[in-house]
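Please examine the structure shown here before reading on.

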Amino acid sequence: MLSLTPYENPMYFGMLAVAFIPIVVGILWGKRFRWYELLVSIGFILLSFGGPKWEQGVALVGFLIFEVILVSLYNVYRKKKNDTWVFVIAVLLAISPLVVVKLTPLMSGTPSIIGFLGISYLTFKAVQTVMEIRDGVLKDYNPWFFLQFMAFFPSISSGPIDRYRRFRKDYESVPDREKYLNMLEKALHYVFLGFVYKFMLAYLFGTILLPKVQHLAVQSTGLSWGLVGVMYVYSFYLFFDFAGYSLFAVATSYFMGIETPMNFNQPFKSKNIKEFWNRWHMTLSFWFRDYVYMRLVFFFMKHKIFKNPKTTANITYVLNMLLMGFWHGEKWYYIVYGLIHGVALVINDWWLNLKKKNPDRFPHNKFTEYLAIFITFNFVCFTFLVFSGFLDTLWFH
Amino acid sequence: MGKKLWMIFGPLLVASVVLIGLLFSPFKINRISPTIEKQAATSLSPNILKGDAVKRAALSDPYYVPFFGSSEFSRFDLTHPSVMAEKYNWDFRPFLMGAAGTQSLTHYFQMQGINHQLKNGKAVFVISPQWFVKKGANPQAFSFYFSQLQAVNFLQKQHGTRTDRYAAHRLLKMEQNTDNGNGMINKALRQVAQGQKLSASTQRNISYYKRLLAHEDQLFSSLKLKDDNQKKINRQLQALPNSESGDLIRQAIIKQAKQQTSNNDFGIKNSFYSHRLKDKLGKFKGFERNYDYTKSPEFADFQLVLNQFAADKTDVLFVIPPINQKWANYAGLSQSMLKGFNKKIKYQLKSQGFDHIADLSNQGSQPYFMQDTIHLGWNGWYAFDKKVKAFVDGEQEIPSYKMNNQFYAKSWQNLAPDDLNSYIKNNG
């Protein structure tokens, strides 16, 4: 059977274009053909997880059934009672498949059989739904809709991570013609921008330049111009590859009348590291902000664990980013990457505060802004070098 | 709404129609200009071997003679055939096909696009003994010069002969190690290798795919040409005397070669010596003692090339270059092994009727014959030039080849040259 990784191949885009014609025509006339949309979704999921990758397909179906049952049961429970321990167990169960998938390679050295491309993104969606049910803001949970939210094919394999309530608002309405035409215009623009990003720039940096600078860098084990090259080239590759992919996912959703949130907003022009996380892989960092950071801060404050609110914030920064590091994978360089960013956020807060208190000592002008962008950019590239795992190859293999 | 929709999707539609038209139309879409042909003849770019359009355009005219070979072609000194042909305005120009890493298999597949141009024509083929190592062609090097267009050309012209089956088998083996194949093509290759016929629908799909690839080639392969080599040639033109007199040319050779081989005792070009040998010289002493060019799958791959020449009735001059004698002595390369290789390859050629052989292999000790350890230069190129010019300017013969599929067999590939006489007795 034909099997295609999403957004990697001209044929995939051709098939998308043909499959979308009825959907686009329908929405232009104010109609959603639900069954047709479902058919298209199943078709494209089969295309990504069928054929030679059928084992991943089975794992995906198993995962979806498990999460739907779990979240539905929790919803039934929450209508009657609201014990914290039940909530904790529900969250732990929701992330348990991901934990198994992440830990299996450490234990046995082989990938887990319950893993599939995109499991972590789906886990985020499930955990977030459980949390909103617990908060009581998600009152009319519907298992069938939850399944469609989870399995929304444009973003199934690598995000962006949408939110249940936001998604439902789009899904249950049909955008009016003028708005939809604007969405189509943007969508097509995103597709072609994505082509430039992923198939030209990411190719230039990742396929043409990266092997060259890596080859230079491995000539010595220490600092070298080659290593500096790897740092910048890898950073640009990472951005263009992932941002290109995200543009495709957003554009595909727009064609279906769903405004999936953007994932990147010119991250390399951030003036500080906090701003960077508001521009880089945004749906992930906002997810961590809303469902890890805020909740941890709230928890620490409520139980008065740290006296000082600043200490609370700082410790939570580090914990939050460390968790993100662990989420990327159980390798030292992912964890160090998380740690560095956590500490950087702490320093960043301290600095901004210092600057605010002493406006006379620290000038603020165009030059300092550019300097800030320059420093942030270089710092971020350095952390991407850590993230890339290239140092691991260089030093330990 | 119609207008807005057109504003959004119109450009995409127009672009798609133009692109599909360009790629799938049955027409030829780009004329290759004489300038491109001239550039391509010496560019040594991989995309010339990968594509058809430029080669076909150039080789359709007997003015360009196909030169098959490998890394020696990049040694542009004053007597390099491309320099000589231009300086003395020969009646023909070499069209160089080959670079570091091209061996028989690459040539067999790249010939599939130019069979028509090779038909009843002349060609020069430089055989490097270094190709004939135990493992044969390196899959990575092969894939560097390989294109799907070559595979499609092959699939369209094959009709299930022993040669076709062997070629398909070898190609699959190469691809297996580099995994850059195409599903449909690999399936068809497997069928050919197993002696099955391709279904009508497969053949049709292949011909559509061929249109796409051929147009891609016509549109883009002339864009990626480098013309650095023309600059090298232009520099060398200055070093040659204006009249094509043997004495003056020999003087010019000595002048250039003496000056460029001053930093070592091997007669190796200074730049090569200082970059590649000087620092590791001690390591090379006796290093090539166990090199063996007599047992190799390359002999069967070479047979593919011979079969293709026979099918095209091409009149071919084969050149066997020597090895720098001083270097061979230093590195410990066995003379008897080289003699054995020579004997074996000549038997494969002569027994099948390939009689034009310029065997330079015993001239490796002549001064300034080699530019480095294994590549022709100065006097070597000059000797090459004389043989090649006489051959190309000579009468076109209608060759009669008697092909023998025994040369595909493992027993031939691994035959020790010492056993050649008994082999001939048993198979003759």
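Predicted model: local features only at pLDDT ≥ 70, side-chain atom pairs only at ≥ 80, totals over all residues.

In chain A, helix H1 (residues 10-28) packs against helix H2 (residues 34-49) at an angle of about 160 degrees, and their axes are 10 Å apart. Because angles over 145 degrees count as roughly antiparallel, H1(A) is roughly antiparallel to H2(A). The crossing of H1(A) past H2(A) is left-handed. The table lists the residues that make this contact.

| Helix | Residues in the contact |
|---|---|
| H1(A) | A:Ala19, A:Pro22 and A:Ile23 |
| H2(A) | A:Tyr36, A:Glu37, A:Val40 and A:Gly43 |

By class, the residues where H1(A) meets H2(A) comprise 5 nonpolar, 1 polar and 1 charged.

In chain B, B:Lys210 belongs to helix H12 (residues 200-220). Is this residue buried, exposed or partly exposed? B:Lys210 counts as partly exposed, because it has 18 C-beta neighbours inside 10 Å, whereas a buried residue would need 20 or more. Leaving aside residues up to four places away in sequence, B:Lys210 touches B:Val152 and B:Gln156. Although B:Lys210 and B:Leu149 are 61 residues apart in sequence, their C-alpha atoms are 6.6 Å apart in space.

The domain assignment divides chain B into domain 1 (1-27) and domain 2 (34-146 + 227-427). Between the C-alpha centres of domain 1 of chain B and domain 2 of chain B, the distance is 49 Å.

Finally, the contact between the two chains involves 5 residues from chain A and 4 residues from chain B. The chain B side of this contact has 3 nonpolar, no polar and 1 charged residues.

Note on methods: Residues numbered from 1 in each chain as written. Chains lettered and ligands numbered in written order. Contact = placed C-beta atoms within 7 Å. Nonpolar A, V, L, I, M, F, W, Y, C, P; charged D, E, K, R; others polar. Domains from an automatic or database assignment. Axes fitted to C-alpha atoms, helices over the stretch in contact; angles between N-to-C directions. Helix = DSSP H or I, 4+ residues; strand = E, 2+ residues; numbered from the N terminus. Parallel < 35°, antiparallel > 145°, perpendicular 65-115°, else oblique. Left-handed = near helix turned anticlockwise from the far one by under 90°. Buried ≥ 20, exposed ≤ 12 C-beta atoms within 10 Å, placed from the backbone.
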